[in-house]
Amino acid sequence: MNIQIFGTKKCSDTRKAERFFKERGIKFQFVDMKEKGMSKGEFNSVAGANGGIDNMIDTNSKDKDTLLMIQYIAEEDKLEKILENPQVIKTPVVRNGKQSTIGYQPEIWKKWN
């Protein structure tokens with residue numbers, strides 16, 4: 001397995017995801033969304049595997065201004081705005097090669113080999 005966890009240190013679900021993999025002795029790479037964010041390719045890969053861009057957006061984000069802007073801007077501009085403001089992406093984003101999940105999904109992770 002080649003696990004990547006995209007999240008923030010303050011996110012409780014991200015910490016739970018890290019604990020899930022640590023407890024099973026599975027190595028992972030943590031990517032801090034506040035420091036690095038996701039590349040366009042990574043984001044598109046995860047969005048494609050999880051039902052599209054709209055499923056990637058955290059509607060409970062504290063950044064209400066950006067959420068509103070994303071809701072009303074043109075589709076072709078959405079991706080850039082989201083990548084510029086990674087705080088509106090649901091976390092954790094967990095990737096295992098081409099497989100990925102959004103949020104805390106231990107039932108799915110247990111099935112990964």
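This is a predicted model: local features need pLDDT of at least 70, side-chain atom pairs count only at pLDDT 80 or more; totals for chains, interfaces and linings use all residues.
I started with how α4 and α5 cross: the crossing is left-handed, meaning the near helix is turned anticlockwise from the far one by less than a right angle. Residues are numbered from 1 along each chain as its sequence is written, and side-chain values use heavy atoms, with hydrogens and water left out.

Next I looked up who touches whom. Thr-66, Met-69 and Ile-70 of α4 meet Lys-78, Lys-81 and Ile-82 of α5 (contact is heavy atoms within 4.5 Å).

Then I checked the geometry. The axes of α4 (residues 64–72) and α5 (residues 75–84) come within 9 Å and cross at roughly 165°; axes are lines fitted to C-alpha atoms, for helices over the stretch in contact, with angles from 0 to 180 degrees between N-to-C directions. So α4 is roughly antiparallel to α5 (the label for angles over 145 degrees).

On to Val-31, in strand β2 (residues 28–32). Is Val-31 buried or exposed? Val-31 is buried, at a relative accessible area of 5% (buried is under 20%, exposed over 50%, with a 1.4 Å probe and protein chains only). Leaving out residues up to four places away in sequence, Val-31 touches Gln-4, Ile-5, Phe-6, Gly-7, Lys-36 and Gly-37. I also found the C-alpha atoms of Val-31 and Pro-92 separated by 9.9 Å, though the two are 61 residues apart along the chain.

Last stop, α2 (residues 40–49): Glu-42, Phe-43, Val-46 and Ala-47 are buried there. After α2 comes Gly-51, with a positive phi near 90°.

Conventions: Helices (H or I, at least four residues) and strands (E, at least two) are DSSP runs, numbered from the N terminus. Angles under 35 degrees count as roughly parallel, over 145 as roughly antiparallel, 65 to 115 as roughly perpendicular and the rest as oblique.
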